[in-house]
Amino acid sequence: MKRTLGTCYYPEHWPEEMWAADARRMADAGLTWVRIGEFAWSRLEPSPGDLQFEWLDRAIDVLGQAGLKIVLGTPTATPPRWLVARHPGMLALDADGRPRGFGSRRHYCFSHEAYREECDRIVQLFAKRYGGNRHVAAWQTDNEYGCHDTTLSYSAAACEAFREWLRERYGSIEALNRAWGNVFWSMEYGSFDDIDLPNLTVTEPNPSHALAFRRFSSDQVASFNRRQTDIIRTHSDAPIGHNFMGRITEFDHFKVGDDLDIATWDSYPLGFLEDRVGADEAHQRAFARQGDPDFQAFHHDLYRSVGKGRWWVMEQQPGPVNWAPYNPAPLPGMMRLWAWEAFAHGAEAVCYFRWRQAPFAQEQMHAGMLRPDNADAPALLEARQVAEELQDTPDVFIARSEIALIFDFDADFAWATQPHGAGLNYFQIVFDTYKALRKLGLSVDIIRAETRDFSSYKLVLAPGLIYMPQDLKSALSEADAHVVLGPRTAARTADMAIPVPLPPDMPGLDVTVSCVESVRPDMPMPLKGGGSFVGYREELEGSADIVLETEAGQPAAMRSGNLTYVGGLCDESASTRLFKNLCAEAGIPTMPLTGGVRCREAGDLRIWTNYGSEPAETPAGRIEAAGVLFEEL
Amino acid sequence: MKRTLGTCYYPEHWPEEMWAADARRMADAGLTWVRIGEFAWSRLEPSPGDLQFEWLDRAIDVLGQAGLKIVLGTPTATPPRWLVARHPGMLALDADGRPRGFGSRRHYCFSHEAYREECDRIVQLFAKRYGGNRHVAAWQTDNEYGCHDTTLSYSAAACEAFREWLRERYGSIEALNRAWGNVFWSMEYGSFDDIDLPNLTVTEPNPSHALAFRRFSSDQVASFNRRQTDIIRTHSDAPIGHNFMGRITEFDHFKVGDDLDIATWDSYPLGFLEDRVGADEAHQRAFARQGDPDFQAFHHDLYRSVGKGRWWVMEQQPGPVNWAPYNPAPLPGMMRLWAWEAFAHGAEAVCYFRWRQAPFAQEQMHAGMLRPDNADAPALLEARQVAEELQDTPDVFIARSEIALIFDFDADFAWATQPHGAGLNYFQIVFDTYKALRKLGLSVDIIRAETRDFSSYKLVLAPGLIYMPQDLKSALSEADAHVVLGPRTAARTADMAIPVPLPPDMPGLDVTVSCVESVRPDMPMPLKGGGSFVGYREELEGSADIVLETEAGQPAAMRSGNLTYVGGLCDESASTRLFKNLCAEAGIPTMPLTGGVRCREAGDLRIWTNYGSEPAETPAGRIEAAGVLFEEL
Amino acid sequence: MKRTLGTCYYPEHWPEEMWAADARRMADAGLTWVRIGEFAWSRLEPSPGDLQFEWLDRAIDVLGQAGLKIVLGTPTATPPRWLVARHPGMLALDADGRPRGFGSRRHYCFSHEAYREECDRIVQLFAKRYGGNRHVAAWQTDNEYGCHDTTLSYSAAACEAFREWLRERYGSIEALNRAWGNVFWSMEYGSFDDIDLPNLTVTEPNPSHALAFRRFSSDQVASFNRRQTDIIRTHSDAPIGHNFMGRITEFDHFKVGDDLDIATWDSYPLGFLEDRVGADEAHQRAFARQGDPDFQAFHHDLYRSVGKGRWWVMEQQPGPVNWAPYNPAPLPGMMRLWAWEAFAHGAEAVCYFRWRQAPFAQEQMHAGMLRPDNADAPALLEARQVAEELQDTPDVFIARSEIALIFDFDADFAWATQPHGAGLNYFQIVFDTYKALRKLGLSVDIIRAETRDFSSYKLVLAPGLIYMPQDLKSALSEADAHVVLGPRTAARTADMAIPVPLPPDMPGLDVTVSCVESVRPDMPMPLKGGGSFVGYREELEGSADIVLETEAGQPAAMRSGNLTYVGGLCDESASTRLFKNLCAEAGIPTMPLTGGVRCREAGDLRIWTNYGSEPAETPAGRIEAAGVLFEEL
């Protein structure tokens, strides 16, 4: 398959007489895809029932005529003002009980049935009208589910739906009371209608309650999305995607992905570094104009998994953005690097967001491929270079890696419900693991926790998987791969209670966590041989072999056969040591990388990227700052 | 009297078939006491009027049969869901006006009369049924009044009760307007019904208004508690206690204590260090697994005073807790040390919280004496050791100390109302004073501001006592003891105005505070001879002797006869110097202690404790890390 | 004109028998002015319609008889409780939607028509009764508009008035949708009645929406004030002022000033340093007892402009205040220094706030000229010294400076709407420019953006002027003065969109800003020759001469003829270099000043002030700490 480029375009923002020239210029730059439509509801239906689709017909036609393929987005992320007036209850409420009003976007609660019906209606209109359009080559549902903290809503609609969800899950209120341990603090309910949302309690709510609400909220996103995909599929054979946003973990992307043909995501490396990576200041300074060297790759590997192999970057940062605390311009070359990195991880397409910088409204300071005055911006030039390079590059094919890393959104919900120590979170733990592997030059598959067949892997990592159903325990235990577990593996039942026998209770591994503790991050707990646990540690008992010990002589990691349990959060030095040894044992070659240099095997190529601001040496030769290097294998 | 140990148990959490074995195991470990019942309302009355006390009868019987004495708690801290549905107005409102809902605990406003009546009813049921039960040897009212910021409620019920309280206090609205200076900013009221609660004002409310609301809120706690003690006493002769929580200062514990037979408190040294001690990072690291070396002792001395000599630790931390920002495991030995320290300060009993770690709900990560899988946890082992040691140790008897330190909750309200400088608070000032005394090896009595007889003391400290009635001034002035006053002594009238003549206006001491200032804490004001004022300083005038001077040559402390006035907040070095000299003069021997080593005289013993993580030398010999040393006097 | 002193007095706070002695003591101290009345509504009208003005008649008489001139304030900043009961909708709502209630001051929404009518009524009563009173020599409207964040109100009254304001400004909803770019995110409105206030949106609102609301809110202050001045002028010829508060920028002081005869402001140097200057910790420590050396001067020059030459300090800090995070006492001499500095900048009068420290209510810890016990406080002594010195000093006359600095409140609204980088704000940018000029020994005029005649200036600075109408562009372009522009000059249209052609699009200057970026403040961008851009930078294109370059070789400042455009935020070193060169070219002598030493030319004098805590040398000789030095020119 040939990799392709694209962009995001808003014909409704520009005079119709500009469309044809824009389309031509896109095609000339080597772009294949153009996404449109996803914020256009107020132009398609300016008042209730007053449908105005003709302009969109013409826009699709003009773009299609220029040889571009359309990704058509449903406009449900931005319901118009009249729709909110008609359904005031559709607004989400925040955890403080305040309505999240009209005036920006994503102003809806996923649980509001009347709004869902309005979405059915508009999606139906889209699907019927364009389902057979030859230019419409793909669909996008809504836009960036969960962005701006919109997954969790504390509205009356959400409360009602939550009660239904609980009724279905637990059957009887007695079962729920039992499962949640509501006898504690006299929290027992007489009926499902007694159950409120877990906000505004005097002190923390029951973690079972909080986790159930997170799971419910996640399911609401999936079912909201499914109603759209069901409707579209009735009318169209084109693949359907959704553009996930980086580090949004409040809903299960895998479950949404189950209803999609392609997973796409929106990659803003500089915005993410400032806002979401969680790095220290020195790291933020070092990579301020390049982004974190592993953050994009992590998401690439995640969405390859969410999309069952098929994935895109739907929005690629084209220059400074408008929404981070600080918004620097990328180092020259980075817009090319990011695209190549995505291809190296298997992206089918990379679309730059957006075509022309909008001079008005919220994103007026968000760069585009063109400046507001229509001049070329750097992103256009770098995209054109990538388009040319794609012509000459053998197609990139992603072999499955020998290493799998499990990422489980449900575990993220559980950690968010109960971090135990300030600042601890599941995403960071998995991401730190990923980073350590990648700095050993390794290519990694990110897989979901529903996986049961690990036969293609030599090494499987499952940090922090707080709930683990019995069949996953068995599958891991019986895998040929070496499996690294802990901390907190299987530490909770499905309902967020501590299981007895105590965790991890893994078949084939005699290890018991007898006590857990969280510790100030400025008190690292040194390990013999180098490295430390930081922030969280468990006391381990059992007859398994001790493979890592604290300097105080307590077991830090224990092993039987193919299972290693790590009883704490490793710093980079400890992780590296552990993974290097396991790779050596498994026959996986490692290659320590430093600074901003990373690599990814992609079929017959190893593609090197340098996120550093200085040139660097690699085993394959010198690589420029912000450079890409192709090594044939 | 023989000192005893105990635990807290929730029979409703466990299958009835486990009770007998649990009881036996408690007794075998040397425990005397078991507290039960305080969160069980939903099991005793699952729906309105459906009383189900039989299980509690059986639990008491099983435990009593095993030789344990019961502390029976009233369940009013956790009203069931149906009760909230019946009285929605019973919920407290926070300062932002948001209801603090059902789903955890303490979800009630102290001023809600209908809820008070529900409490009367359930307490009556308890008292009647168990008032004559031979196993019920003590009572506990409610649980941790004020915990989770629940003293101050901004509900309609609170507003109405506040107006009544003011009407009673001031008689006429003109008197209130005058007392508060409401002419300022045209804040005059036409009637008591005009008075709102002092939240959500544009800028700060009148400090007289804010202080009155704090005093009212404190009184509501006391009267809420008194309704329970009155009912219990009608039916039972067993002593009544309440378990106060550490560093909760929003209500007057002495006033609540007036209606109790025993004061008890809940001691969580590691949680407190992380959350409430207010120490710097280095101190937090040094004592992360031991707790602050003085914080528990301070509360022990405080509650000995609140209980008029009779006091317990009702909940002793048994391992990691779940609620602090970080929750480390205690150093081995600390669970023993904490118990011995409590006995050294006169505790009658120390009860570990809780018997078995609950695998469900909010405190699932709070350790117990047993693990969730029923195995012994470290707390059980250390408690057993203490039980054995108690057999061999002469009883501990607390002589009154020669040094008294006044702690006045009302002063805390006033400082909270008007700290003047960011971060200044009364608790810290008194605690810093206590710490400095204790690091001189001194044993201290904490006494209330209602004290008028100081004849048994050689040295009395009264820092920060912002309001001082005339008869207290006289009593201190005429005391044989040396009295250390300031800063802010008698700086306000009863209604929070500046008195004229200016403060402190102490008989026998010609000192006037002519000006006060708060100063950034990074700008210490050095004193001649060493040490500094930090954060707050007063300009002093008058003819009294200057006993401390700033390096700039201004009087810092002045003295006449038995009265010394200190015009600022001393750092440790300045305090130590001052107290050492005064002790020398008063013939009280001092003994400088460092690190985590502290001692307490207790009858014929001096009991040494080492909060340090390394062994240390004391005048009585070497003491292990987390160790206890008994020195015969 | 002879400069004068005064004070602020509250006869309603004190027994009538004290008034005469107070008045005599004021006159004896050399005071000319006494401001009264501005918080007295509840004493003048204790209940609706019950007018009680006789005491005020007597107070005016007593003060006037003593030879004092009265400034009479309208009491509209503190509506009494009964008035709020009558108009509950008059309360402002904060951005979270919470009412800002009775119990302090400024508890009204500027847009509430019924409250405006109550103000008309009370002001009419004042004006009629005292318009002809010979002692009433000046008026003050309300008190400190905007203080305590009271300019922006999110009430229903504000929403309704905002819709009217928009209707008037845009005429049709289509025009508004177009101007705001509401097509973006389907934010189009069907009618003006659809438009909500820009709070509580899911993510940021449209900046056009937010800016319009800020402009509207500013206009509401001006029209609120105008209703008072119109009424007063019907009955009185005495000049009218309003006491602006330091660094309140949410409304346009120039527009309010258009309706005033005199601008006055309230100067609290120590409170400002702690709370509003935004300096680093070292600077805060160095000047904790003196205030920032430039902050007062900046406001003096600002209000000279607002008052079209006539301005006062209406409230001068007299000792410690009560409202800053820390409230230290001023260094002896500062109360004199501040007064002389004001006179040096052209103040007609300096009034100390307040006469006697009030022992009650919110400001009980705010010093006065007298202590609460009526003894002299330091401010009285220093004021007396100034009064004496004024006798011997030639009158101070302010020549216009050769340097003008534009300050535009509208630009502040725009930056607040869209800072682009965390912490960036317009006030700071202008203030930093002012500081750099002043540290070169320069005297500066602050002028408004409506200025079109620059003929009296040699150098004009216009940093950050984000919107610039065409005639201002022309006027600057054609000025004889050298004009320094940028960054962000003319970066937005009047409706907050990016203009095409791209900014700055200045006639006579071929410079285009092709890209902008905000950068972490810990990543300065060094310039060739010294100094750096910090926080914000623009990429510049065009044929103008490059006059400043980054070390990376990009143009940093460009120039054609009399126009210099600076494409970033200069640190002090870069600013100083730039301004020094431009002054040299323009023939303006500079004189580098360090530490706390500053000077101001005032007629035939150069008045030196030393904010430092140590003596210093100046070209005119040695100056004491907190000292003033008069140099004849």
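The model is predicted.

**Cores.** The largest nonpolar core holds 212 residues. A:Leu56, C:Phe162 and C:Leu166 have the most contacts inside it. Helix α13 (residues 334-344) of chain A gives the most to this core, 9 residues. A second, separate core has 211 residues, including C:Ile232, C:Ala475, C:Ala574 and C:Ala602. Back in the largest core, C:Leu166 has several partners beyond four places away in sequence. They are C:Gly171, C:Leu176, C:Trp180, C:Phe192, C:Ile195 and C:Ala212.

The counts and area are as follows.

| Item | Value |
|---|---|
| Residues in contact, chain C and chain B | 50 residues from chain C, 45 residues from chain B |
| Buried area, chain C and chain B | about 4,300 Å² |
| Salt bridges, chain C and chain B | 8 salt bridges |
| Polar contacts, chain C and chain B | 27 residue pairs (both at pLDDT 80 or more) |

Carbon and sulfur atoms give 56% of the buried area. C:Tyr326, C:Gln362 and C:Met365 supply 16% of the area that chain C buries against chain B, more than any other three residues. C:Glu274 forms a salt bridge with B:Arg520, with the closest N and O atoms 3.4 Å apart. On the side of chain C that touches chain B, α2 (41-44) and α11 (281-286) each supply at least two residues.

Methods. Residues are numbered from 1 along each chain as its sequence is written. Chains are lettered from A and ligands numbered from 1 in the order in which they are written. This is a predicted model: local features need pLDDT of at least 70, side-chain atom pairs count only at pLDDT 80 or more; totals for chains, interfaces and linings use all residues. Side-chain values use heavy atoms; hydrogens and water are left out. A nonpolar core is a set of buried Ala, Val, Leu, Ile, Met, Phe, Trp, Tyr and Cys residues joined through side-chain atoms within 4.5 Å. Buried means under 20% relative accessible area, exposed over 50%, partly exposed in between (1.4 Å probe, protein chains only). Helices (H or I, at least four residues) and strands (E, at least two) are DSSP runs, numbered from the N terminus. Contact means heavy atoms within 4.5 Å. Buried area is the accessible area (1.4 Å probe) that two parts lose on being put together, summed over both. A salt bridge is a side-chain nitrogen of Lys or Arg within 4 Å of a carboxyl oxygen of Asp or Glu. A polar contact is a pair of N or O atoms within 3.5 Å; within protein, one must be able to donate a hydrogen and the other to accept it, and residues adjacent in sequence count only if both atoms are side-chain atoms.
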